[in-house]
Amino acid sequence: MIDETAVVRHHHLRVSAEMEIGRAGEYLVMADLLLNGWVAYPTSQGVPYDIAVDIGQRVIRVQVKSTKTPKTPGSLNRGSPLYVFHTRRAGKGGRRRYSSDDFDVLALVALDRRLIAYYALADTHNDCIALRVPGVRYGDGGVKCRYFEDAKFEFALDSVLMRQRQEALFAS
C-alpha cells in the first residue's frame with residue numbers, strides 16, 4: 001500500500017503522491033473521453049479546470065478529483081465504504097471554493113476500480129460528495145449517496161447545456 005503523504009521520486013524530481021494521484025485521475029478521464037469519441041485536451045497548471053472538451057459550438061471545462069480507495073467515514077455513521085471526494089480547490093484541506101464560472105463538469109475518479117462519475121457543477125451543492133462502491137450491499141436510505149452508473153459524461157453535458165439555454169432565455 002502506498003502512503004499518500006509519501007514523496008515519489010522520478011529522475012531527481014520530487015513530486016507528492018497526492019499530485020500523482022491527481023494526475024492519474026486526469027489521464028484516466030482523458031482516456032475515457034477520447035475513447036468515447038470526444039475531442040479532449042489537457043490544460044495547463046494554474047487554470048481552475050484540468051481538461052477541455054471541444055463539443056463543436058463551445059468548450060466544456062472539466063475539473064477532475066481523484067481518490068485511490070473507498071473509505072468508511074465515521075462522520076456518516078455508516079459501516080459500508082464509500083468513495084469520498086472533497087470538491088474544494090486543492091482537495092480536503094482546500095480553503096477556497098470553486099466559483100460557478102471556474103468549470104462546467106466535475107469528474108470524480110475511483111482509481112482502484114478505474115471508475116468515473118461526471119456531474120454538472122451546478123448539480124453539485126456540497127463540499128464533499130460520496131459515491132457508493134459498486135457491488136457493495138448498502139442498507140435503505142442514503143439519499144445523499146450517489147452511484148457511478150448514474151453519472152455518465154453525456155448526462156452531465158445535457159445538464160450543462162440545458163442550464164445554459166435557460167440562462168440565455170432569462171437574459172433575453
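## Surroundings of Val-62

In this predicted model, Val-62 is in contact (heavy atoms within 4.5 Å) with Tyr-49, Asp-50, Ile-51, Val-53, Val-105, Ala-107 and Phe-153, leaving aside its neighbours within four places in sequence. Residues are numbered from 1 along each chain as its sequence is written. Local features need pLDDT of at least 70 and side-chain atom pairs count only at pLDDT 80 or more, while totals for chains, interfaces and linings use all residues; side-chain values use heavy atoms, with hydrogens and water left out.

## Nonpolar cores

Val-62 belongs to the largest nonpolar core, which has 23 residues. A nonpolar core is here a set of buried Ala, Val, Leu, Ile, Met, Phe, Trp, Tyr and Cys residues joined through side-chain atoms within 4.5 Å; buried means under 20% relative accessible area, exposed over 50%, and partly exposed in between, with a 1.4 Å probe and protein chains only. Val-29, Ile-51, Val-53, Ile-60, Val-62, Tyr-118 and Phe-153 touch the most other members. Two or more residues each are given to this core by α1, β4, β5, β7, β8 and α2, and the largest share, five residues, comes from α2. Apart from this core lies another, of 21 residues, which includes Leu-106, Tyr-119, Ile-129 and Phe-148. In soluble globular proteins, nonpolar side chains tend to be buried together.

## The five-stranded sheet

Five strands form an open sheet with mixed pairing, in the order β3-β4-β5-β7-β8. Strands (E, at least two residues) and helices (H or I, at least four) are DSSP runs numbered from the N terminus, and two strands pair if DSSP finds at least two bridges between them. The edge strands, β3 (39–42) and β8, each pair on one side only. On average, neighbouring strands of this sheet are turned by 25° against each other, direction ignored; axes are lines fitted to C-alpha atoms, for helices over the stretch in contact, and angles run from 0 to 180 degrees between N-to-C directions.

β3 and β4 run antiparallel and are joined by four bridges, with Val-39 opposite Asp-54 in β4. Four bridges also join β4 to β5, again antiparallel, and Asp-54 stands opposite Val-59 in β5. The hairpin of β4 and β5 has four residues between the strands, and Gly-56 in the turn has a positive phi of about 105°. By contrast, β5 (residues 59–67) and β7 pair in the parallel sense over six bridges; Lys-65 has Leu-108 in β7 as its bridge partner.

## Helices across the sheet

Helix α1 (residues 17–35) lies across β3, β4 (51–54), β5, β7 and β8, and runs at about 135° to β5. Helix α2 (residues 153–171) lies across β4, β5, β7 and β8, and runs at about 10° to β8.

## The loop at Arg-114

Arg-114 lies in the loop between β7 (105–110) and β8 (115–120). Although Arg-114 is not a glycine, its phi is positive, at about 55°. Arg-114 counts as exposed because its relative accessibility is 58%.

## The protein as a whole

The secondary structure comprises two helices and nine strands, running β-β-α-β-β-β-β-β-β-β-α from the N terminus on. Of the 172 residues, 39% count as buried. Among contacts with a separation of 6 or more, residues 24 or more positions apart account for 52%. The protein exposes about 10,900 Å², of which carbon and sulfur atoms supply 53%; accessible areas come from the Shrake-Rupley method with a 1.4 Å probe, and for residues only the protein chains shown count as cover.
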